[in-house]
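Hi,

Here is the structure for you to look over. My notes follow below it.

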Amino acid sequence: MTVALRGLSTAVPATILVQDEASVVFAAQPGLTRLGQRLVTTSFGVSGIERRYTVVDELTNTPRDTGEPPVFYDQAAGELLSPGTKVRNDLYAEHATRLYLEAGAAAIAATPGIEASDVTHVVTVSCTGFYAPGPDFVIARDLGLRPGVERYHLGFMGCYASIPALRLAKQLCEADPDAVVLVVSVELCTLHLRTSNDPDTIVATSLFADGAGAGIVTSGPLEPGERAFDLDRFATRVTPDGETDMAWKIGDHGFEMVLSNAIPQIIGAHITGALEPLFDGDAALAEALETDASGQAIEHWAIHPGGRSILDKIEARLVLSETQLEPARETLRDFGNMSSATVLFVLRNILDRADAHDGDRVAAMAFGPGLTVESALLTVRG
């Protein structure tokens, strides 16, 4: 049975966060030491990001006169504020709901022959906020899905979570050939940005952004002219070290990200081992991995752009070409790191490229707490 990812769609908030402008704001905070100021300037400058999107419209330099007191950024004083976790999570519930509905509706509309009433399962993904009834409930209610639609939420898994969501969707379709699974990931990482002298916090602040990705997973045949991905195989690998180098914790003033500078080195050391279970059973791919020829065996690489240094390390370790990393680098440049939604943006970039042909293989990888590597092997169709 062939199961495909169809109608792949993305959405972002309206407010653009220009990286150079954000760097000036974060570097000018009164509580920063000289070292902290240098770290902010360096981290923002070498991030590979030009712009990001945020639901926090206060973070731009556009004058605001709403009559309401500032919550995140006092423009008059030029000072970043520190709202509590409840305030941040309330904003998550408000803004995430809108993006869940926008991305979910776009995925259904982009899938020929599929209506909202055809959806049998909903899988939602996020690690940047919580509320109940959750986004799965809101999608089922507001998009007009059938009353008995099955709903699942993958929460607080981190940047790799969209790949397990797609794997779950594939398993549901294999168990029921009539299943139509809507997968939606929404992450509002900028709700947890803060000023700090801590190097991990500064790096996270320079990278994270807001965005949503969604798609329909089904075993039904593609329509003429439709572009999609066959979901061929999935694999999971936890590295023997790195458990404390990437993590989320809930603090009094938002979610606190641990993102150490050892992550690129850890990923580089274990990337081939993480690919072994994905390529297992395909002699040609296994041989290519052993001989550093993966770049020739797999045409496209949907690597989660956790940061510029991570992409640099993977490109060198797997001997990939600059062209093969363009989808990931372009996503990082134009959108930043949107946690679990980001790999869906990279896949959308690949599907839109003129050099992505029917039958081309795609290796997707995302990294998260653990340090966990989730991977998928896909095939371009259409």
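Which residues does the UniProt annotation "domain: Chalcone/stilbene synthase N-terminal" cover? According to that unreviewed entry, the domain covers residues 81-221. Keep in mind that this is a predicted model. The span 81-221 is 40% helix and 21% strand. Its end C-alpha atoms lie 52 Å apart.

Next, a helix pair. Two packed helices are described by the angle between their axes and the distance between the axes. Helix α3 runs over residues 85-109 and helix α4 over residues 135-142. Their axes come within 10 Å and cross at roughly 50°. The crossing of α3 past α4 is right-handed. On the α3 side, the contact is made by T97, Y100 and L101. On the α4 side, P135, V138, I139 and D142 take part. Of the residues in this contact, five are nonpolar, one is polar and one is charged.

Then the aromatics. The whole structure holds seven aromatic pairs. One of them joins F156 and F255. The ring centres of F156 and F255 are 5.6 Å apart and the planes stand at 90°, so the pair is edge-to-face. This pair links distant parts of the chain, with F156 and F255 99 residues apart. F156 sits in the loop between β7 (150-155) and α5 (162-175). F255 belongs to strand β12, residues 254-259.

Best wishes

Technical notes. Residues are numbered from 1 along each chain as its sequence is written. This is a predicted model: local features need pLDDT of at least 70, side-chain atom pairs count only at pLDDT 80 or more; totals for chains, interfaces and linings use all residues. Side-chain values use heavy atoms; hydrogens and water are left out. Axes are lines fitted to C-alpha atoms, for helices over the stretch in contact, and angles run from 0 to 180 degrees between N-to-C directions. Helices (H or I, at least four residues) and strands (E, at least two) are DSSP runs, numbered from the N terminus. A crossing is left-handed if the near helix is turned anticlockwise from the far one by less than a right angle, and right-handed if clockwise. Contact means heavy atoms within 4.5 Å. Ala, Val, Leu, Ile, Met, Phe, Trp, Tyr, Cys and Pro count as nonpolar, Asp, Glu, Lys and Arg as charged, and the others, Gly among them, as polar. UniProt positions are given in the numbering used here, feature names are shortened, and annotations may be inferred rather than shown by experiment. Rings of Phe, Tyr and Trp (its six-membered ring) pair if their centres lie within 6.5 Å; planes under 30 degrees apart count as stacked, over 60 as edge-to-face and the rest as tilted.
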